[in-house]
Amino acid sequence: MKSILIIGMGRFGNHLCRKMVELKNQVMIIDTDEEKLKAMMPVVTSAKIGDCTNVEVLKSIGVGNFDICFVCIGTNFQSSLEITSLLKENGARYVVSKATRDIQAKFLLRNGADEVIYPDRDMAEKTAMRYNADHIFDYIELDEEFSVYEIPVLQKWVGKSIRDVNFRVKYNVSILGTRDENDKMQLMPGPDYVFKEEEHLMVIGRNEDVNRILKHI
């Protein structure tokens with residue numbers, strides 16, 4: 001369990017907060033708009049109305065006591081930049097700030113952010129990849145070269161084991177898990193696992209290698 005501070009309760013901040021609470025973390029939220037805090041007040045550890053560009057507000061909550069501070073302000077980049085800088089100056093351990101453009105990320109990193117996230121861009125890229133091909137059910141980009149894909153089983157694999165197909169050697173891709181028609185997952189199947197119809201595979205590998213498999217579906 002971690003201690004989390006989330007500044008800015010727009011759509012992204014709200015979803016982040018809900019997931020952090022679901023994962024049993026202690027979460028404090030701050031926003032200048034009381035209405036944005038009301039829905040989350042029953043589930044978070046604490047909530048505060050305040051303008052975090054005011055250093056006294058940050059000092060009053062002891063930002064150095066949180067494991068991670070998230071700056072989730074998307075509509076006012078100047079405020080996001082100021083808050084990021086003030087957090088670090090006042091002892092925040094780890095600051096994660098939201099950006100929408102690369103130029104914003106550069107300024108945030110120079111002014112105290114330990115990490116910058118692009119939730120809108122990342123979701124757009126994931127959505128584009130998923131719907132660009134008919135046979136990609138999910139997709140997580142790891143870097144420019146490697147990704148995790150959820151793909152169907154090729155018909156010619158059905159009834160054969162991973163060993164029979166010589167999967168890793170033939171396709172240069174590793175199987176992380178399988179998902180059946182009832183959404184039941186099996187992680188890290190062994191070499192004797194037999195492929196079934198209607199199941200999906202979670203695979204990791206180079207994009208070009210996975211795309212070679214997709215061409216045969």
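Tutor: Let's start with tryptophan 157, which is buried, with a relative accessible area of 2%. Here buried means under 20% relative accessible area, exposed means over 50%, and partly exposed is anything in between, with a 1.4 Å probe and protein chains only. Please keep in mind that this is a predicted model, in which local features need pLDDT of at least 70 and side-chain atom pairs count only at pLDDT 80 or more, while totals for chains, interfaces and linings use all residues. Residues are numbered from 1 along each chain as its sequence is written, and side-chain values use heavy atoms, with hydrogens and water left out.

What does the ring of tryptophan 157 pair with? The whole structure holds 6 aromatic pairs, where rings of Phe, Tyr and Trp (its six-membered ring) pair if their centres lie within 6.5 Å, and planes under 30 degrees apart count as stacked, over 60 as edge-to-face and the rest as tilted. In one of these pairs, the ring centres of tryptophan 157 and tyrosine 171 are 5.4 Å apart and the planes stand at 70 degrees, so this pair is edge-to-face. Tryptophan 157 sits in the loop between strand S8 (146-152) and helix H7 (162-165), while tyrosine 171 belongs to helix H8 (residues 167-171), so the contact ties together parts that are 14 residues apart in sequence. Those element names come from DSSP runs numbered from the N terminus, with helices (H or I) of at least four residues and strands (E) of at least two. Tyrosine 171 also counts as buried, at 12% relative accessibility. Stepping back from this pair, ring pairs link Trp157, Phe167, Tyr171 and Phe195 into a cluster.

In general, side chains of opposite charge can pair when their charged atoms come close. A salt bridge is a side-chain nitrogen of Lys or Arg within 4 Å of a carboxyl oxygen of Asp or Glu, and a search of the whole structure finds 12 of them. Aspartate 192 counts as exposed, at 55% relative accessibility.

A second bridge joins glutamate 145 and arginine 206, again counted from N to O, at 2.7 Å. Glutamate 145 is in the loop between strand S7 (138-141) and S8, and arginine 206 is in strand S11, so the parts tied together here are 61 residues apart in sequence. Both partners are partly exposed: glutamate 145 has a relative accessible area of 38%, and arginine 206 has one of 30%. Arginine 179 and aspartate 183 form another bridge, at 2.9 Å. Salt bridges that share partners also join Asp102, Arg121 and Asp122 into one network. Arginine 121 has a further contact, as its charged end sits over the ring of tyrosine 118, 3.8 Å from the centre; the test is that NZ of Lys or CZ of Arg is within 6 Å of the ring centre and within 35 degrees of the ring normal.

Leucine 187 lies in strand S10 (residues 185-187) and is exposed, with a relative accessible area of 62%. Methionine 188 is in the loop between S10 and strand S11 (200-206) and is exposed too, at 60%. Its phi is near 50 degrees, a positive value in a residue other than glycine. Most residues other than glycine have a negative phi.

Finally, the overall picture. The chain has 9 helices and 11 strands. Its radius of gyration is 22 Å, well over the 17 Å that the globule rule gives for 217 residues, so the chain is more spread out than a compact globule. That radius is taken over C-alpha atoms, and the rule is 2.2 Å times the number of residues to the power 0.38. Along its principal axes the C-alpha trace spans about 65 × 35 × 25 Å, and 41% of the 217 residues count as buried, tryptophan 157 being one that is buried.
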